[in-house]
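Subject: Structure handover

Hello,

Here is the structure we talked about. Please open it beside this email and read the notes that follow.

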Amino acid sequence: MSTRVAAVDCGTNSVRLLIADVAGDSLRDLERLMEIVRLGEDVDRTGRLAPRALRRTFAAMRRYRELIDHHAAEETRVVATSATRDAANRQEFAEGVREIFGVDPEVVTGDEEAALSFTGATRGLARLSPEAGARPPYLVLDIGGGSTEFVVGDDRVEGAISVDVGSVRLTERYIRNDPPTAAELESAVADIEAALDRVTESVPVQKARTLVGLAGSVTTLAGIALDLPTYDSDKIHHSRISAGEVHEVTRRLLSMTHGDRLAVPVMHPGRADVIGAGALILDRVLRRFAFSQVIVSEHDILDGIAWSVAR
């Protein structure tokens, strides 16, 4: 007997929907959608969700509600993360979500976000051969717009931390030029390295044998490294990108103008202005913790939310 569930993940940069039939250890997608809404626009500076950002987000959610009704999902869970955690007016967001979906949004903590991401990312890794490089324990790296989650574990989470560096937050804090200047990148790297110091103190990263990268910055970088003519999630999912390839793609992205990045075949237009900062986070993680490659997963917190609803 399967359960039809709907999972909505509202992050700093995008809002996403997964409608799936869940039965035992099987999750079958019916809809998997993403819209760039930039809910976290200026939250780092103002501490509030901007009215225009809320309007964009609610418009996308109304389209999602139509699909949820069309597929007759039995349960819906709406999870909000970094931008909403940081916003003084998050009650406005909650009221809008309640009106649209008929359920309260859950503004999860960084630890809860990390655990959901870990479940979504690692559920299918056991089916990969050890030769594919998917050897536990895993370090799951979820690079978001406002925060980045680090989770270490095997079949369960051993340690997790959420740090306030993300593609949108770093871009808004430091990058004023196109392409960014050396001084701007130096400031961004210093912020990332300070966050990685906190990760090292809090999470047993040294135990991890496999780095698993999630979310749009990582999947877009993988599409570039694979030289795909269009974004192809099937080819990106569980692809292995070497550290050298990550360093080279990051260097290229940070040397491009916004127009150059828009012209990259796999680039979503709403990601072009922040992809450099997102790639830089992955680049520094590989350098700091000496991983030779990253396994890229298209399954992430959204899948973790779906599993949690089915349970």
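How many of the eight residues of β1 are buried? Six are, and the strand is mostly covered. Buried means under 20% relative accessible area, exposed over 50%, and partly exposed in between, with a 1.4 Å probe and protein chains only.

Two notes on the source. This is a predicted model, where local features need pLDDT of at least 70, side-chain atom pairs count only at pLDDT 80 or more, and totals for chains, interfaces and linings use all residues. Residues are numbered from 1 along each chain as its sequence is written, and side-chain values use heavy atoms, with hydrogens and water left out.

The sheet

Five strands form an open sheet with mixed pairing, in the order β3-β2-β1-β4-β5. At its edges stand β3 and β5 (106-107), each with a single partner strand, so one side of each has no neighbour in the sheet. Strands (E, at least two residues) and helices (H or I, at least four) are DSSP runs, numbered from the N terminus. Two strands pair if DSSP finds at least two bridges between them. In general, strands of a sheet pair through backbone hydrogen bonds, either parallel or antiparallel.

Now strand by strand. β1 and β2 pair in the antiparallel sense over eight bridges. They form a hairpin, with three residues between them. Ala6 has Ile19 in β2 as its bridge partner. β1 also pairs with β4 (residues 75-80), in the parallel sense, over six bridges. There, Val8 stands opposite Val78 in β4. β4 and β5 run parallel and are joined by two bridges. Val79 stands opposite Glu106, and Ala80 stands opposite Val107.

Asn13

Look next at the loop between β1 (3-10) and β2 (14-23), where Asn13 lies. Asn13 counts as buried because its relative accessible area is 5%. The Asn13 side chain makes a polar contact with the side chain of Arg38, at 2.4 Å. A polar contact is a pair of N or O atoms within 3.5 Å; within protein, one must be able to donate a hydrogen and the other to accept it, and residues adjacent in sequence count only if both atoms are side-chain atoms. Leaving out residues up to four places away in sequence, Asn13 touches Glu35, Ile36, Val37, Arg38, Val168, Gly270, Arg271 and Val274. Contact means heavy atoms within 4.5 Å.

The largest pocket

The largest pocket holds about 680 Å³ of space. A pocket is an open set of points on a 1 Å grid over the protein atoms alone, where a 1.4 Å probe fits, with protein on both sides within 12 Å along at least five of seven lines; lining residues have an atom within 4 Å of a point. Grid points are joined across faces, edges and corners, and the volume is the space filled by probe spheres set on them. The lining has 35 residues, and Ser14, Arg16, Met34, Gly216 and Arg271 lie nearest the centre. α8 gives the most to this lining, with five residues.

Asp234

Is Asp234 buried or exposed? Asp234 counts as exposed, because its relative accessibility is 68%.

Best wishes
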